[in-house]
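Please keep the sequence and the three-dimensional view at hand while reading the points below.

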Amino acid sequence: MSVKVCLLGDSVAKGVIYDSEKGRYVYAKDSAVSLLERDTDITVDNLASFGCTVTKGEAMLDKCGKDINGYDYTVLEFGGNDCDFDWASVSDDPDASHECRTPLELFREKYTAMIKKIKKLGGRPVILNLPPIDARRYFSWISRNLSPSRIMCFLKEVDYISRWQEMFSIAVSQIAAACAVPVIDIRSAFLSKPDFRNYLCEDGIHPNEQGQRLIYDAVRRQIPAIQ
């Protein structure tokens with residue numbers, strides 16, 4: 001029996017990777033979604049988009065809301081962009097007060113509201129947590145054409161980036177538990193590897209082709225628990 005899924009999320013869900021040879025972002029040939037559609041009876045309407053936050057996700061949901069009850073599941077994947085900062089502003093004035101794109105408590109509120117709305121529309125929400133990031137590689141990436149030393153004045157230490165991102169992934173699991181919705185753990189698929197960095201792109205945040213396959217394996221392995 002075919003399973004129809006609506007996917008709302010960011011570039012990780014969209015299967016975006018960084019192609020170092022081309023020097024730009026491209027779509028993975030074998031993304032987690034394309035592998036699921038190829039190897040299972042799951043069809044996915046992938047509405048995820050590059051740079052998407054929960055605020056943009058709310059707008060996505062408003063557009064497709066009337067169709068939500070036509071899907072077997074509505075899968076949500078947010079947080080990676082929400083926890084990010086305006087690094088140019090940080091570089092300009094590291095001593096100022098800087099908020100990430102979606103402050104953590106607002107992230108919780110908006111994500112919870114999305115889940116409740118999906119349920120009210122007759123949908124069945126499922127949440128993905130976040131893949132880990134390589135803080136050092138990402139620091140090098142975001143500080144290009146900016147001032148690394150000034151950004152460090154704000155961060156204090158590079159590893160703060162990964163700890164900050166981890167808080168959002170923990171929040172995702174807490175939100176799922178509070179709302180009684182299934183969470184698919186893709187983070188552990190990376191962390192269980194001897195060096196998860198081998199599964200990330202040059203930018204330190206996007207899973208590469210091998211990382212997308214890790215996501216596929218994790219999702220497929222955990223599907224029976226949510227059906």
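In this predicted model, pairs of rings join Phe-78, Phe-85, Trp-87, Phe-107, Tyr-111, Phe-154, Tyr-160, Trp-164 and Phe-168 into a cluster.

**Aromatic residues**

- The number of aromatic pairs comes to twelve.
- One of these pairs is formed by Phe-85 and Trp-87, whose ring centres are 5.5 Å apart. The angle between their planes is 55 degrees, and the pair is tilted.
- Phe-85 and Trp-87 are both buried.
- Tyr-160 and Trp-164 also form a tilted pair, with 6.0 Å from centre to centre and 35 degrees between the planes.
- Helix α8, which covers residues 160–179, contains both Tyr-160 and Trp-164. The two are four residues apart, or about one turn of the helix.
- Tyr-160 has a relative accessibility of 28%, so it counts as partly exposed. Trp-164 has 17%, and therefore counts as buried, since the cut-off for a buried residue is under 20%.
- A charged residue is found over another ring: Arg-144 lies over the face of Trp-141, 3.7 Å from the ring centre.

**Nonpolar cores**

- The largest nonpolar core has 48 residues. Which of them touch the most other members? They are Leu-8, Phe-78, Trp-87, Phe-107 and Tyr-111.
- Two or more residues of this core come from each of the strands β1 (3–9) and β2 (16–19). The helices that do likewise are α3 (54–64), α4 (87–92), α5 (104–120), α6 (135–142), α7 (148–155) and α8.
- Helix α8 provides the largest share of the core, namely eight residues.

**The largest cavity**

- How many cavities of 30 Å³ or more does a search of the whole structure find? The search finds one.
- The volume of the largest cavity is about 310 Å³.
- This cavity is lined by 22 residues, and those closest to its centre are Val-5, Leu-36, Val-75, Leu-128 and Val-219.
- At least two lining residues come from each of the strands β1, β4 (42–46), β5 (73–77) and β6 (125–128). The helices α1 (11–14), α2 (32–39) and α10 (209–226) each supply at least two as well.
- Helix α10 gives the largest share of this lining, with five residues.

**The largest pocket**

- The largest pocket holds about 540 Å³ of space.
- Its lining consists of 30 residues, and Gly-80, Asn-81, Asp-84, Tyr-138 and Ile-205 lie nearest its centre.
- Helices α1, α6 and α8 each contribute at least two residues to the lining of the pocket. Helix α8 gives the most, with four residues.

- Ser-140 is placed in helix α6. Its relative accessible area is 46%, so Ser-140 is partly exposed.
- Ser-140 and Glu-202 are separated by 62 residues in sequence, while their C-alpha atoms are 9.6 Å apart in space.
- Arg-187 lies in helix α9, which spans residues 187–191. Is Arg-187 buried or exposed? Arg-187 is buried, because its relative accessible area is 11% and the cut-off is under 20%.
- Arg-187 and Pro-131 are 56 residues apart along the chain, and 4.4 Å separates their C-alpha atoms.
- Not counting residues up to four places away in sequence, Arg-187 touches Asn-129, Leu-130, Pro-131, Pro-132, Gln-165, Glu-166 and Ser-169.

**Loop residues with positive phi**

- Asn-145 is not a glycine, yet its phi is positive, at about 65 degrees. This residue belongs to the loop between α6 and α7.
- Asn-145 counts as exposed because its relative accessibility is 82%, and the cut-off for an exposed residue is over 50%.
- Lys-156, also not a glycine, has a positive phi of about 75 degrees. Lys-156 is found in the loop between α7 and α8.
- With 66% relative accessibility, Lys-156 likewise counts as exposed.

Definitions and conventions. Residues numbered from 1 in each chain as written. Predicted model: local features only at pLDDT ≥ 70, side-chain atom pairs only at ≥ 80, totals over all residues. Heavy atoms only, no water. Phe/Tyr/Trp six-rings, centres within 6.5 Å; stacked < 30°, edge-to-face > 60°. Buried < 20%, exposed > 50% of the residue type's maximum accessible area, 1.4 Å probe, protein only. Lys NZ or Arg CZ within 6 Å of the ring centre and 35° of its normal. Core = buried A, V, L, I, M, F, W, Y, C linked by side-chain atoms within 4.5 Å. 1 Å grid on protein atoms, 1.4 Å probe; cavity = no way out; pocket = protein on both sides within 12 Å on 5 of 7 lines; lining within 4 Å. Points joined across faces, edges and corners; volume = space filled by probe spheres on them. Contact = heavy atoms within 4.5 Å.
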